[in-house]
Amino acid sequence: MSFEYILATQYMFKKDYIEKQLEQLALAIAKVISQITNTKLQGKSDSGITIADEFLRTEFDVESAKLAAMDNEHLIEHLTKTKNLISGKLNLLADLLFETAELYEKSEKQNIAKSLYQKTLIIYNYVNETEKTFSENRQEKIRTIKFKI
């Protein structure tokens with residue numbers, strides 16, 4: 001067996017592992033977004049914010065209010081270097097932040113909502129620059145955010 005073959009095999013295993021983790025995270029976020037949507041429909045935005053924050057703390061080690069207060073210029077550096085989030089996870093984080101911003105907006109906490117929308121836009125733009133795949137869903141959210149802010 002050649003050294004190149006071993007490296008290629010290790011790379012494939014690592015890539016498969018990362019893809020599996022992203023799939024599991026995407027499923028978990030879909031479930032949380034479903035719960036958040038239910039709280040929005042029931043007019044319980046504060047409950048949705050609590051659900052979102054618990055998930056953000058558990059999976060990303062961040063809180064929505066602290067993230068909203070963070071400096072925009074250093075957001076991507078903080079998430080990629082300090083939190084070690086890769087592009088796929090950043091996209092999932094942005095999806096959840098988008099929903100969380102809507103909850104803050106419905107709770108009439110406009111400053112936090114606007115800041116979260118701005119952070120979400122920054123993350124989506126970064127993902128667009130670094131990802132090789134185009135997402136119509138992501139582009140639609142970008143248009144919505146630009147309209148809201």
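## Ground rules

A residue is called buried when its relative accessible area is under 20%, exposed when that area is over 50%, and partly exposed in between (1.4 Å probe, protein chains only). The model shown above is predicted, so local features need pLDDT of at least 70 and side-chain atom pairs count only at pLDDT 80 or more, while totals for chains, interfaces and linings use all residues. Residues are numbered from 1 along each chain as its sequence is written, and side-chain values use heavy atoms, with hydrogens and water left out.

## How α5 and α6 pack

Let's start with a helix pair. Helices here are DSSP runs (H or I, at least four residues), numbered from the N terminus. Two packed helices are described by the angle between their axes and the distance between the axes. For helix α5 (residues 87-106) and helix α6 (residues 110-130), the angle is about 160° and the axes lie 8 Å apart. Axes are lines fitted to C-alpha atoms over the stretch in contact, with angles running from 0 to 180 degrees between N-to-C directions. That angle makes α5 roughly antiparallel to α6 (the label applies over 145 degrees).

The crossing of α5 past α6 is left-handed, meaning that the near helix is turned anticlockwise from the far one by less than a right angle. Residues in this contact comprise 15 nonpolar, six polar and three charged. In this count, Ala, Val, Leu, Ile, Met, Phe, Trp, Tyr, Cys and Pro are nonpolar, Asp, Glu, Lys and Arg are charged, and the others, Gly among them, are polar.

## Salt bridges

Side chains of opposite charge can pair when their charged atoms come close. A salt bridge is counted when a side-chain nitrogen of Lys or Arg is within 4 Å of a carboxyl oxygen of Asp or Glu. The structure has ten of them.

One joins D95 and K141, at 3.3 Å from N to O. This pair ties together distant parts of the chain, with D95 in helix α5 and K141 in helix α7 (residues 136-148), 46 residues apart. D95 is buried at 12% relative accessible area, and K141 is also buried, at 12%.

Another salt bridge connects R143 with E136, at 2.8 Å from N to O. Here R143 is partly exposed at 42%, and E136 is partly exposed at 45%. In the bridge between K66 and E63, the closest N and O atoms are 4.0 Å apart. K66 is exposed, at 58%, whereas E63 is partly exposed, at 27%. Finally, K40, E99 and E102 are linked in a salt-bridge network.

Methods: Helix = DSSP H or I, 4+ residues; strand = E, 2+ residues; numbered from the N terminus. Parallel < 35°, antiparallel > 145°, perpendicular 65-115°, else oblique.
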